[in-house]
Amino acid sequence: MITVVGAGTGAPVPDDVLAGAALVVGGRRHLDAVRLPEGAERVVLGPLAPALDTIAEYLGKELPVTVLASGDPGFFGIVRALAGRFGAGSLDVRPGVSSVATAFARIGLPWDDAVVVSAHGRDPRTAVNVCRAHPKVAVLTGPGAGPAELGAALTGERVLVVASALGDPERERVERVTPAEAAARDWGTAVSVVLCLDEARVLGAVRTVAGVPSGPARWALDEAEFAHRDSMITKFEVRALALARLGPRLGDLVWDVGAGSGSVAVECARLGAAVVAVEKTPDGVERVRANARAHGVDVRVVHGTAPSALEGLADPDAVFVGGGGRELPAIVGACARRARRTVVVAMAALDRVPAVREALTAAGFGCDGVLLQSSRLAPLPGDVTRLAAINPVFLLWGARTPVPSEGVAQ
């Protein structure tokens, strides 16, 4: 049996979890804080594989093992690796208070409506995009993905709460800083968790289901649910397929270029993605912002004309391009060269289709598309119904073929 105990956020390690242990594994600060049983071997956690091999040796000799972990070891912790190697039935887990719960407790906020993401040992761009999209986020940090890196990537009305060495009576610090202040500092190696808060929204009511923020009950919303000018809006039939091809999700960054009313931008944000809407008209910019506010989502709006307005933006996972002017193929090409996964283009003009398709394929995308023609039920006098045709729209999409990475299972 492996006894796994959460430590390091204030609660002492119970004596019984160490009594009789032949091997004690943990971080240096956890091991230094306890008295090991006489004769017990101590293994300081660094690379995980050697520690797991040592544990396996002791289990093979039927000798008891204790693992000291931070906070709740089942919450982004070592329980996953131990259960995967030795089986969940071999674990006796004694959880402590997680660093996320402790950090929110320190500033007096509930966290049942927070989004939690780990940047430890991962590309920080996912954590950054979650922070862009949601008002209350906890980021578990790691080397190369700490407060400085998060702050450097974030803009807008956000506050970072940097909670360091939680539970250590001498070293614990909880500091509120702006993203710019976080980016300018050297935080060392003691950081445990960073809270990213939009304080204008964070205290508002958040609908939850069993403590989890509820996602949208529906998408491809009716045009009447958005402010728009003279029906200049992506119709819900087109939007439904566009969303399916864009695949917006938590941790993604999506561009809506030529946003118009921002209906696609808002829908992507409702599905959890971080979104940048690029719009060239001043009234369009205000319309996008108003629609984002009306639907309770955060959409960053850039006032400018593509492709020049795209300079300086972080590379997106997916891009939606609307419009039909002569500059459309050039805009699509610029977007395709930056997009990591997919580009979706909606246009009414048949003449633009070949050039847009060429722009996608030239950027290395596989290209497909469809002409969408729909007719909606419309009432007539006398309790009868007719079909009202909607203007046909071409929808093209390009998907980048993933390149297998060496040593990564596909």
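A residue is called buried when its relative accessible area is under 20%, exposed when that area is over 50%, and partly exposed in between, with a 1.4 Å probe and protein chains only. The structure is a predicted model, in which local features need pLDDT of at least 70 and side-chain atom pairs count only at pLDDT 80 or more, while totals for chains, interfaces and linings use all residues. Residues are numbered from 1 along each chain as its sequence is written, and side-chain values use heavy atoms, with hydrogens and water left out.

Helices (H or I, at least four residues) and strands (E, at least two) are DSSP runs, numbered from the N terminus. In helix α4 (residues 99-106), Ser99, Val100, Ala101, Thr102, Ala103 and Phe104 are buried, so that six of its eight residues are covered in this sense. These buried residues pack against β6, β7, β8 (159-164) and β10 (191-197), where contact means heavy atoms within 4.5 Å. Just after α4, Gly108 takes a positive phi of about 70°.

Strand β7 (residues 136-140), one of the elements packed against α4, is itself largely enclosed by the rest of the structure, because five of its five residues are buried. In a regular strand the side chains alternate between the two faces of the sheet. Both faces of β7 are covered, with Lys136, Ala138 and Leu140 on one side and Val137 and Val139 on the other. Two strands pair if DSSP finds at least two bridges between them. Strand β6 (residues 115-118) runs parallel to β7 and is joined to it by four bridges; Ser118 has Leu140 in β7 as its bridge partner.

Val25 stands opposite Val43 in β3 and opposite Val67 in β4.

Helix α11 (residues 328-338) is mostly covered, with eight of its eleven residues buried, including Leu328, Ile331 and Cys335. The elements that cover these buried residues include β13 (253-257), β16 (318-322), β17 (342-347), α12 (353-362), β18 (365-372) and β21 (393-400). α11 and α12 pack at an angle of about 20°, with their axes 8 Å apart. That makes α11 roughly parallel to α12, since angles under 35 degrees count as roughly parallel, over 145 as roughly antiparallel, 65 to 115 as roughly perpendicular and the rest as oblique. The contact is made by Leu328, Pro329, Val332, Gly333 and Ala336 of α11 and by Ala355, Val356, Ala359 and Leu360 of α12.

Helix α8 (residues 236-246) contains Arg239, which is buried with a relative accessible area of 0%. Not counting residues up to four places away in sequence, Arg239 touches Ala220, Leu221, Glu223, Phe226, Ile233, Thr234, Ser263, Val264 and Glu267.

The backbone also has local features of note. Most residues other than glycine have a negative phi, and most peptide bonds are trans. Phe76, in the loop between β4 and α3 (79-86), has a positive phi of about 55° and is partly exposed at 42% relative accessible area. Ser231, in the loop between β12 (212-213) and α8, has a positive phi near 65° and is partly exposed at 45% relative accessibility. The peptide bond from Ala306 to Pro307 is cis, with omega near 5°; Pro307 is in the loop between β15 and β16.

Note on methods. Axes fitted to C-alpha atoms, helices over the stretch in contact; angles between N-to-C directions.
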